[in-house]
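Work through the exercises below with the structure open. Each task is followed by a solution in steps.

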Amino acid sequence: MLASFALVGYVITVLTPEALWNRETWWQSVLVWFLGAVVLHDLLLFPLYALADRSLVTGLRAVRGRWPGRPLRVPVVNYVRVPVLVSGLAFLLFFPGIVEQGAQTYLAATGQTQQPFLRRWLLATAVVFGLSALAYAGRVGLARTDEEPGR
Amino acid sequence: MARHRPPGLGRTRAWRSPLRGPWLTSVLGLVLLVGLPVVAVTGLLSYVAYGPQLNQAIPADVGWLHLPFFEWPTRPVWLYRLNQGLHVGLGLVLVPVVLAKLWSVVPTLFDWPPARSLAQVLERLSLLALVGGILFELVTGVLNIQYDYVFGFSFYTAHYFGAWVFLAGFVVHVGLKLPRLVTALRSVSLREVLRTSRADTRPEPPDPDGLVALDPAPATLSRRGALGLVGGGAALVAVVSVGQTVDALRPLAFLLPRGRDLGDGPNDFPVNRTVTAAGISTDQAGPSWRLELSGAGTRTLDRAQLLTLPQHTAVLPIACVEGWSTTQRWSGVRLRDLAALAGVADPASALVQSLGTSGPFSQAALQANQVLDPDSLLALRVNGVELSADHGYPARVIVPALPGVHNTKWVRALEFRAA
């Protein structure tokens, strides 16, 4: 463990401590991005998706509570979770193109604009939600034929 | 301190997921234990491929923080393509696994009291290197392959040193947790988990690390479903990334810069710098263009003269550090023939200079083996036609297994240096 801290210390001496901090634009510092990545994930991204998931589960339960006479044969929650996660993962990885960040460098490198990406992502999101809805309908249909033979 | 616990911290009943526990964490940990070293080593190898001996790797000075230097080979011709494809592709594929692993251990972050002993303080600091390191590497890497330099600092330098900080945390973490990983994986068999439905999914037995919830909610997803979700996410990322590298699958990478359809002409394959961006005028790259060839002496050649020299054709991939690549059929004059013409039949190295003078890649040095490989070319044509302006007309270098950006375009001068 001590060797590992020595390594981190050595990284900082080779990189030089000055390189960790940008005097002109503080948020463009290596140090800010290093710690920022942890803070952003642990204290923002994680609470947000945890809250969203819990709201989804309790929300669905509340909706179901309005029709007490009809128990849900196939829980709907994962048919919402999965497409949201797919669409969210695609956005998390490929947002620079989707929100057209870095357009100048992108043009210099590829000779193209990022114009198609937002539409493609929205289309892909619509497709996964559509597929999920179809899968849900299929499962509900199966559950009904299982439970009500002869009808 | 233990008695004054702020709300939400420590072993509270707020953590409800019945899936969290040492087994799930260990399965995800095992995947990362195998995958992340591959990503790290291919990254460090890429640094060697850039030729630090020739003083052209970025960052230039890394002290002892590098793999042993060696002469980067030209064979197999797909070596750099494989190296970078793995580095970037596997790095992206592991993102869902990293996120799931962090989700599985997040209650320990809010542990209270924050430290019980000096050893624990040190462990938590090493976790900062681990978690900060992996997130920093993923964020900068993901932004770099999409040309989004919002962070302002040098990507190469930060990504390289960030990798070493991550490795420091990784080694400590593996050293501390490996025995626990083995015990946890032995506690339940994977086959049993894969047989368990949602209705039968129960929390794992309470563990000393406090991963298992004190007051778990009923399962809304089975453990096999959770694994399927993470595995499916990784598979999905693999599918939407592979098109950056396999020409036939290009449309699959529909959200990435190198998945774009460029038409089907002989010159319609990706570039990483356009002629406009390089600031090269049609005048410079027009009929007045001359190649300045130097070695034992100096001479100039125009394009017609180059075309009268013996021409060689090679099917070679060109692979970018950003992970994308493409295979094309290049023709032109062998670099070793040009070396002989310059009077240096056995060169130690060669310096290639571009008409474009701005940026770090306006010139590149080649090792002896890279000059002498029978497929190393000063290419004049591609797929049977003239190179397009964006692909380096009047002439460009193409060398097997060389990082893409060192295959200099719009070559102005070639200097062969004797041993």
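**Exercise 1.** Find which element gives the most to the lining of the largest cavity.

Step 1. The element is α1(B), with seven residues; helices (H or I, at least four residues) and strands (E, at least two) are DSSP runs, numbered from the N terminus.

Step 2. The model is predicted, so local features need pLDDT of at least 70 and side-chain atom pairs pLDDT 80 or more, while totals for chains, interfaces and linings use all residues. Residues are numbered from 1 along each chain as its sequence is written, chains are lettered from A and ligands numbered from 1 in the order written, and side-chain values use heavy atoms, without hydrogens and water.

Step 3. The largest cavity holds about 610 Å³ of space. A cavity is a set of points on a 1 Å grid over the protein atoms alone where a 1.4 Å probe fits but cannot get out, and lining residues have an atom within 4 Å of a point. Points are joined across faces, edges and corners, and the volume is the space filled by probe spheres set on them.

Step 4. Of its 31 lining residues, Gly43(B), His87(B), Glu137(B), Phe155(B) and His159(B) are the closest to the centre. Two or more lining residues come from each of α1 (22–49), α2 (79–93), α4 (118–144) and α5 (155–187) of chain B.

Step 5. By class, this lining has 21 nonpolar, eight polar and two charged residues. Ala, Val, Leu, Ile, Met, Phe, Trp, Tyr, Cys and Pro count as nonpolar, Asp, Glu, Lys and Arg as charged, and the others, Gly among them, as polar.

**Exercise 2.** Describe the lining of the second largest cavity.

Step 1. This cavity has about 40 Å³ of space. Its lining includes Trp78(B), Arg81(B), Pro317(B) and Leu402(B).

Step 2. β3(B) supplies the largest share, three residues.

Step 3. The lining divides into eight nonpolar, no polar and one charged residue.

Key
On a 1 Å grid over the protein atoms alone, a cavity is a set of points where a 1.4 Å probe fits but cannot get out, and a pocket is an open set with protein on both sides within 12 Å along at least five of seven lines; lining residues have an atom within 4 Å of a point.
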